[in-house]
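Please look over the chain below with its fold in view.

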Amino acid sequence: MGLRSHHLSLGLLLLFLLPAECLGAEGRLALKLFHDLFANYTSALRPVADTDQTLNVTLEVTLSQIIDMDERNQVLTLYLWIRQEWTDAYLRWDPNAYGGLDAIRIPSSLVWRPDIVLYNKADAQPPGSASTNVVLRHDGAVRWDAPAITRSSCRVDVAAFPFDAQRCGLTFGSWTHGGHQLDVRPRGAAASLADFVENVEWRVLGMPARRRVLTYGCCSEPYPDVTFTLLLHRRAAAYVCNLLLPCVLISLLAPLAFHLPADSGEKVSLGITVLLALTVFQLLLAESMPPAESVPLIGKYYMATMTMVTFSTALTILIMNLHYCGPSARPVPAWARALLLGHLAQSLCVQERGEPCGQSRPPELSPSPQSPEGGAGPPGGPCHEPRCLCRQEALLHHVATIANTFRSHRAAQRCHEDWKRLARVMDRFFLGIFFSMALVMSLLVLVQAL
């Protein structure tokens, strides 16, 4: 009350100190009207003629700009223009008595104002009154236009990130007046978007308004409020270029480890490098997303890709173990020789050097070494001399030993080549499987952007 009296006295003092020639006819009439209206006026009481009468307040919101959407803290910051209109029963006059003056503009601190606040406010600072004027008409209608920067809580659902849509509600209502004393209603079915400045990250689909009447546990009387629901859809182009597309390219690069030659020594290194790159992108995504039970779509894609790369690296290690089987390894089993080296190698076009595609080398049986004593008798021939070289048993024994050693070496070499060929068949098989998986997962995610 003291602050209002101070503003009123200061305004009257300045008006009275002005020279008479500085005030025209309209100015003198406005001064007289101001003095007559506020001579016995107080802004501390609800301006109704009957205390049982309900004061109707019309609320209109214009969205000007989306300042920030903090997904991690779930706080939405907006720049709004808020217009409130009500009727003051004690601020009425006859325009004819004041030279046809039907409206004046005075500081809002001089009149009674409804205590309408944002219920879901997420700002630690106390609400402050905007230092704007009110437009007062001769019939007592008061219009108060004030800009406001609001920070409201918004439940953010990032399950479909970066192709998600959000619904953020802003609930306005009186803090102390119940529905029997003050009734708030929206003007129109939605907030105005005529002066909205387009946001680079969010596309606004609308801002419908809805009036509710709730009864809280603290009070028996109902409390009406107006909720403006802001419908947002994320512009995903930046996230597709910065987070999704690199992951797609990396996931398509990972299966190519099966196409590298085993002798290069880079098959396992490529898989580990791809896994580390995906981990870096996963950490970047986790820093911007709020911790929630629902995993974002891009997070699921990262997890599936990392799992695929992990399995491909493990299979690469097993295939390299098959490739480097030494001479002491057992021969390829019969079922693997028939199924993998036969049908699968032919269908995947894995052939030996110089062998046409579609034809597989028939399996060769390892020749059984012959004993030098068994059938290594002297060959028949026309030689009947007692000192003939073909009848020397010691020489024949050494020749048979050399021949058996050569046959054993060729058998071991053929066994080693079979294992290497089996490794190439498995490489070609898993290359097709993992590349198809990476391509299908990437297309499923990228289709969401269309």
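Leu230 touches Leu63, Ile66, Leu76, Leu78, Gln166, Arg167, Cys168, Val204, Gly206 and Met207, leaving out residues up to four places away in sequence, where a contact means heavy atoms within 4.5 Å. This is a predicted model, in which local features need pLDDT of at least 70 and side-chain atom pairs count only at pLDDT 80 or more, while totals for chains, interfaces and linings use all residues. Residues are numbered from 1 along each chain as its sequence is written, and side-chain values use heavy atoms, with hydrogens and water left out.

Leu230 is also, with Phe38, Ile66 and Phe172, among the residues with the most contacts inside the largest nonpolar core, which has 93 residues. The largest share of this core, 11 residues, comes from α7, and at least three residues are drawn from each of domain 1 (28-234) and domain 2 (240-341 + 400-449). A nonpolar core here is a set of buried Ala, Val, Leu, Ile, Met, Phe, Trp, Tyr and Cys residues joined through side-chain atoms within 4.5 Å; buried means under 20% relative accessible area, exposed over 50%, and partly exposed in between, computed with a 1.4 Å probe on protein chains only. The domain bounds come from an automatic or database domain assignment. In soluble globular proteins, nonpolar side chains tend to be buried together.

For the chain as a whole, buried residues make up 37% of the 450 residues, and there are seven helices and 11 strands. Helices (H or I, at least four residues) and strands (E, at least two) are DSSP runs, numbered from the N terminus. Among contacts with a separation of 6 or more, 77% are accounted for by residues 24 or more positions apart.

Several loops deserve a separate look. In the loop between β6 (141-153) and β7 (165-174) lies Pro162, and the peptide bond from Phe161 to Pro162 is cis, with omega near 5°. Arg155 has its place in the loop between β6 and β7 too, and counts as exposed at 76% relative accessibility. Leaving out residues up to four places away, Arg155 touches Gln74, Gln166 and Arg167, and its C-alpha atom is separated by 7.0 Å from that of Cys168, 13 residues apart along the chain.

Gln74, in turn, is placed in the loop between β1 (55-70) and β2 (75-87), and has a positive phi of about 55° although it is not a glycine. Most residues other than glycine have a negative phi, and most peptide bonds are trans. Gln74 is partly exposed, with a relative accessible area of 29%.

About 350 Å³ of space lies in the second largest pocket, and of the 16 residues that line it, the closest to its centre are His259, Pro261, Arg424, Asp427 and Arg428. On a 1 Å grid over the protein atoms alone, a pocket is an open set of points where a 1.4 Å probe fits, with protein on both sides within 12 Å along at least five of seven lines, and lining residues have an atom within 4 Å of a point. Helix α7 (residues 393-447) gives the largest share of this lining, six residues. The lining divides into eight nonpolar, three polar and five charged residues, with Ala, Val, Leu, Ile, Met, Phe, Trp, Tyr, Cys and Pro counted as nonpolar, Asp, Glu, Lys and Arg as charged, and the others, Gly among them, as polar.

Conventions. Grid points are joined across faces, edges and corners, and a volume is the space filled by probe spheres set on the points.
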